[in-house]
Amino acid sequence: MTTLLISHPSSLRHVTPPGHPERTDRIRAVEQALEDERFALLQRVQAPEGTLAQVELCHPAAHAQAISEASPQQGLVQIDADTIMSPGTLAAVLHGVGGAVHAVDEVMSGRVSNAFSAMRPPGHHAESDKAMGFCFFNNAAIAARHAQKAHGAERVAIVDWDVHHGNGTQEIFWGDASVLYASTHEMPLYPGTGAPSERGEHGTIVNAPLRAGDGTDVFRDAFESAILPRLNDFRPDLVIISAGFDAHWRDPLANINLKETDFTWATQKLMEIADRHAGGRLVSILEGGYDLEGLSKSTAAHVMALMRG
Ligand SMILES: [Zn+2]
């Protein structure tokens, strides 16, 4: 059984202004890292373009339409203070959606063991009707809904170790007992949500914030004490990872001090959950990560663990 790597060249055509941390070089760094011969056994595929019907699994049609219509013919359009559209953005965003959906299709059908969708822009800040924080549509949330609608998954767990709280994913599933959303993130930090008291209408939101300066020990303790027991109780049919690598010690946007080995460890812990409850079914989706060396090394560690290497 294999690990599937999903990518698409449109990720390189979403252009942000000079100095913007969410830049094309991120994907170049990830792709270069995964070209190493250690990854020769990856199955590789280009993402299909996602459809508006897939977007509408988690976003109102009016929001999907508004993003489509905001797409510029030339130049850049500012959606919020740090969320920018270039002429290539809409295709990148739709392939991000299509990649997440394809990952679910391949994993739920048993054609691959697990899958990693390595595309940009990220998605976890996108709320149902609001693009923000570099994000337009919420890939992880769409993947979860697609697993339920197209493949009959009853319970889906989304685990988000990006250093920023996934306010969008939390908002989308706030009132939904069939999706568990669990997050470690630095707090206080953008976007400001993610306190432990934010638990959702059914107690299926699990926030385990970290403080600036925290590292390996506090992160692993948050997983072992707050997140893994809840995942075991929830018994997911599919595990989705919102895999941001900006909690790496080198990252310029935050102050958490994780190492590549922490991402290996967390990946293995979530694979154990998937093995125990979900027949090993696990889909991982790239979110943030803004230091190119930290991002590429962490992604390599994560994917190597997915390959059970
Ligand atoms: Zn982030």
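A: Happy to. Let's start with helix α9 (residues 292-306), which lies across β1 (3-7), β5 (114-117), β9 and β10 and runs at about 165° to β5. Helices (H or I, at least four residues) and strands (E, at least two) are DSSP runs, numbered from the N terminus. Angles run from 0 to 180 degrees between N-to-C directions, with axes being lines fitted to C-alpha atoms, for helices over the stretch in contact.

A word on the source: this is a predicted model, in which local features need pLDDT of at least 70 and side-chain atom pairs count only at pLDDT 80 or more, while totals for chains, interfaces and linings use all residues. Residues are numbered from 1 along each chain as its sequence is written, and side-chain values use heavy atoms, with hydrogens and water left out.

Now to the sheet itself. Its eight strands form an open sheet with parallel pairing, in the order β2-β1-β5-β10-β9-β6-β7-β8; two strands pair if DSSP finds at least two bridges between them. At the edges sit β2 (43-46) and β8 (205-210), each pairing on one side only. From one strand to the next, the twist averages 15°. Within the sheet, strand β9 (residues 238-243) and strand β10 (residues 282-286) run parallel and are joined by five bridges. Ser242, for instance, has Ile285 in β10 as its bridge partner.

Helix α7 also packs on the sheet, where it touches β6 (156-160), β7 (179-186) and β8, and its direction makes about 175° with that of β7. Contact here means heavy atoms within 4.5 Å.

That brings us to a helix pair. Two packed helices are described by the angle between their axes and the distance between the axes. For α7 (residues 216-234) and α8 (residues 260-277), the angle is about 10° and the axes are 11 Å apart. The pair therefore counts as roughly parallel, a label for angles under 35 degrees, with over 145 being roughly antiparallel, 65 to 115 roughly perpendicular and the rest oblique. The residues of α7 that meet α8 include Phe219, Phe223, Leu228 and Leu231, and those on the α8 side include Trp265, Leu270 and Ile273. By class, this contact has eight nonpolar, four polar and five charged residues. Ala, Val, Leu, Ile, Met, Phe, Trp, Tyr, Cys and Pro count as nonpolar, Asp, Glu, Lys and Arg as charged, and the others, Gly among them, as polar.
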